[in-house]
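Subject: Structure handover

Hello,

Here is the structure I promised to pass on. Please open it first, then read my notes below.

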Amino acid sequence: MSYLMDVLRNPDGYFAVTPLSCTCAVFATMFFVLTMIYSFKHMKGVKGLWKYYTYLVLTYVATLGVLFSTTFMVLMVLWGFIGFMLYLLIGFGRGDGTPDAAGKALAIIGGTDVLLLLGIVLIWSIRYDGGTGLEGLFRLPIGNLGIKLNSTGAVIAYLCLASAAFAKAGAMPFHTWLPETARNAPVPVTAFLPASLDKILGIYFLAKVTLEVFVMNQAMNTVLMALGSITIMAAVMMALVQHDFKKLLGYHAVSQVGYMVLGIGTGNPVGIAGALFHMFNNTIYKTGLFMAGGEVERVTGTSDLSKLGGLAKKMPLVFAAFLVCSLSISGVPPFNGFASKWMLYHGILESGGRLWAVWLVAAMLGSALTLASFMKLVHAIFLGQPSELSEKAMRKIGKINFSTMIPLAVLSFLCIVLGILAWKIPFDDYFRPEIGPGFAMPGIWHSGIVAVVMILGFLAGYLVYMAGTLKNAREVAPFVGGETLEDHPDMRVSGVEFYRTIKNLGFLKSMYSLAEKQFFDLYEVLQKTARAFGIILSFMHNGVLSRYFLWFLAGLVVLCVVLV
Amino acid sequence: MINEGMIPLFVAVPLAGAFLAALFKRLGWIPDLLGVLASLFSFCLSLHFILDTAPGASFAVNVGGWGSFPEVMGKVVGIRLVLDGFTVFMLAIVNFVALWVSIYAVGYMKRYTGRWQFYTLFLLMLAGMNGVLITGDMFNMYVFIEIASIASYALVAFGVGKRELEASFKYAVMGGMASLLILLAVVFLYASTGTLNMGDMREILSGTHYSGLVYLVFGLLLTGFGLKAALVPFHAWLPDAHPSAPAPISAMLSGVLIKALGVYTIARIFFDVFGFPHQVSIILLVLAAISMGVGALVALRQWDMKRLLAYSSISQVGYIMLGFGIGTPLGVMGALFHLFNHSMFKSLLFLASGAVEYSTGTRNMKEMGGLNRKMPVTGGTALAGAMSLAGIPPFAGFWSKLVIIVAAVQAHHMKLAAWAALMSIITIVYVFRITRYAFLGELKEKLAGIKEVPLLMRVSLIILALACILGGLVLLPQVRKMFLSPAVRVLIGMGGV
């Protein structure tokens, strides 16, 4: 088996370029460059920086390898390697929870890698019945296998491959590493892997497997759509009640994956194009959000919402970028998040089936809740009265920090431009082979015209405002119960508890308390189950020789009886 | 230039080293030097056999010239030493690990008194293992097993503390029982075939219907060797014995001893002599599945670093046995490959745990933390070993687990493949406990003054870590043709993988 040599000598057989992988690679490159720029300032003073940058470069190269690979084995090895790099990169975090977050990420991603391997082997077994030997497995191509989901083995194989994609992208039920990582890893790492590259990889792989390797049926599509809808709703509900903005953003990173899974589950070109477009949009605004949030954390030294507030005055540019990205993730027109969600809604409508209304409601409600949660976030960080901590931090803020602002500017710009130009993008060119030719942007939404109208509207409003101000407006200090707010810092209104009522609603209350006990965390559940077995087994290992001897004899007797 | 007369040197040189070490015990560093030199020689010799012979060539030498005589119908009466692809494969692994362990021990054993005793026992154990590997004679195999086992009982008790003595006692009782069963089996075999030579035995047994006595022998041998290999339910001595020994010996015990005395012997006798009967295959699969599960689940709960590794050994031997139990060329290849990888990463991890104990004075992971900052080499190499154990690509362990799972699916053992995959996930979780609690996180105040271990220990760690990182290259055709495939071919006639 001249496998490795063969890969090196004959890359054509193992790597190929498709329009979609090319598009993904362009985005990956962009995020790589932006993360590098962002890291200059943000990672200053961390020990072992050369290692950090080496890991980043290796991750990037491996990502390109995954995107262009045409055989399962190359993909799987690089895929696992990226998971390992993520583990090492999280290790650069400085919080108390960092080791556990790294371990959780490694266990979930590494564990699903094993499932990925199992799935690949199953496909190979279904397709060739093991007849091609190890060589055949190593050359098993991704695509054009046309495996029908009509046997248990095929269904299990699909679920195995999908779970690997879900874990990478952070969809439920393999999402639990993501919020922890977002909270504990250094911000550039979160922005680079969970927010952008892992999303691209996971959804790219899911699309490839779903559309090229397997022939989907209605049942499996429904499963995907259900998982997507649950992910959207559950994660956004969790996001609503978070106190740490990094963790909050982490839950949104999970929630948004739900849209992509939902879109791929629709099985029609519009939905799939919407899912892929949403994936790219999501990487843009989510990276932007993490980077802006990271800048806030760098300046103030905390990511706890209750300690922040009023930063907009001194960080207007960061605020602007954060706002653009927030509106974009909430699906407010004309930003890019709306364009892709619009396509997704159409995909759901076209998907047919009895449950389309449920998916549509989940998607739209999720979008509304996202907006609600970002209202809280924007208010708590940037608006309202400055907290003590942000007062202190704002005094220190000096020049514009270019290593942060360049990435933020690029990303916000993309949020707007992609949103306005969405109806001009030839998706069938960029997303082949997943989207065939003859794809047309659905509906009567013309983002360009709408954008112009909206800008005109804003201008008109501004003019009215100016006109009104000039004539008869007067400015007063905020008035709260007869006291001047600035004199009473303890009366500050923070956005942290905006949605506490939701947490205390009957049914949701019990769900939240279960979630707090990590009842829905597959990793914790599995670990606890395994521990329980472990307790029983270690109770049996009590160190008494006579008991061990009994086992030995029993084993001997059983073996002899069975054999003779 | 290959000389068949060199084969006995695998036993003779370590044996001579053992007695010379005892003789020169008063000359401070001589025993250390002898330990390193003897294992270096054995390793070079096995390399020589791998590199300078045609792949798959087999050599035999009759000790004392006692070959076959017409009076006994051409049967071999003396002890015949045989060296084929499988033997050479095992010899290379055993002596490679022994070499780096002995170099590590030069640094590590400074704290102990009576180092000459350590080296004497160490070399006796090595001689015993090499003897088991090269012998072609049933009774002789038993003798070498006893040499290696008894040396290891003594080495487990080397620290002469309460726990060490208890562990050694349990190990000796259980091991003694196993040896007894093996001896009994050899006796029965001799009674039913009239020969002790493995090659002759195979010829006499082939083509005949196995009698009940032979099946009884299967049971006895599986139990006896199963105990040496620490298969559940014969494993109970291992979690006590392996952690109690000094770290270099733990590395030898878990890394190679259980394989030379247990796994190798099972493979050699059941594949080579008995032609791998179907019942044995099923028994091996069942035992392997139980071992994988029990070892991994109990390892999840350990706080003693070496004890965790010991339970993990039980689980990993289960993987190796799974490969053998499948019995297809791919399965056997996976088993041998995993055996190789397990030797590397498990001895590395035991040596790393020894390094941690050397610096911090504890094995309890609750008392550690943040050691990466003070001991970067130990931390880095332990990470490599741990990732190889966890089967994260592209580390070596991934490739061998891959081959085993592929073999299981190919042989339509779907449930076993799924079970192996599930246990592999559990493995990641317990492996992470080591890196998490020992090496990551904040440094404890108590440990602020610790230092990295001496140079010789670091060298061993680094070399073994390289083996864990690059071990996957064994699958490359050039290396495989020379190293792995001949061993597979000995066990499974075709070996065309």
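Start where the chains meet. The axes of helix 6 of chain A and helix 17 of chain B come within 9 Å and cross at roughly 160°. Axes here are lines fitted to C-alpha atoms, for helices over the stretch in contact, and angles run from 0 to 180 degrees between N-to-C directions. Helices (H or I, at least four residues) are DSSP runs, numbered from the N terminus. The angle makes helix 6 of chain A roughly antiparallel to helix 17 of chain B (angles over 145 degrees count as such). The crossing of these two helices is right-handed (the near helix is turned clockwise from the far one by less than a right angle).

Two housekeeping points. This is a predicted model, where local features need pLDDT of at least 70, side-chain atom pairs count only at pLDDT 80 or more, and totals for chains, interfaces and linings use all residues. Residues are numbered from 1 along each chain as its sequence is written, while chains are lettered from A and ligands numbered from 1 in the order in which they are written.

Back to the contact between chains. Chain B gives 52 residues and chain A gives 47 residues. Two residues are in contact if their C-beta atoms, placed from the backbone, lie within 7 Å. On the side of chain B that touches chain A, helix 17 of chain B gives the most, with ten residues. By class, that side of chain B has 41 nonpolar, seven polar and four charged residues. Nonpolar covers Ala, Val, Leu, Ile, Met, Phe, Trp, Tyr, Cys and Pro; charged covers Asp, Glu, Lys and Arg; the others, Gly among them, are polar.

Now look inside chain A. Helix 9 of chain A spans residues 177–184, and eight of its eight residues are buried (20 or more other C-beta atoms lie within 10 Å of the residue's own, with C-beta atoms placed from the backbone). Among them are A:Trp177, A:Glu180 and A:Asn184. The buried residues pack against helix 5, helix 6, helix 10 and helix 12 of chain A.

Take helix 12 of chain A. Its axis and that of helix 9 of chain A come within 7 Å and cross at roughly 145°. This crossing is right-handed. Residues that meet include A:Leu178 and A:Arg183 in helix 9 of chain A, and A:Lys246 and A:Tyr251 in helix 12 of chain A. The residues of this contact divide into seven nonpolar, two polar and three charged.

Best wishes

Technical notes
A residue is buried if 20 or more other C-beta atoms lie within 10 Å of its own, exposed if 12 or fewer, and partly exposed in between; C-beta atoms are placed from the backbone. Angles under 35 degrees count as roughly parallel, over 145 as roughly antiparallel, 65 to 115 as roughly perpendicular and the rest as oblique.
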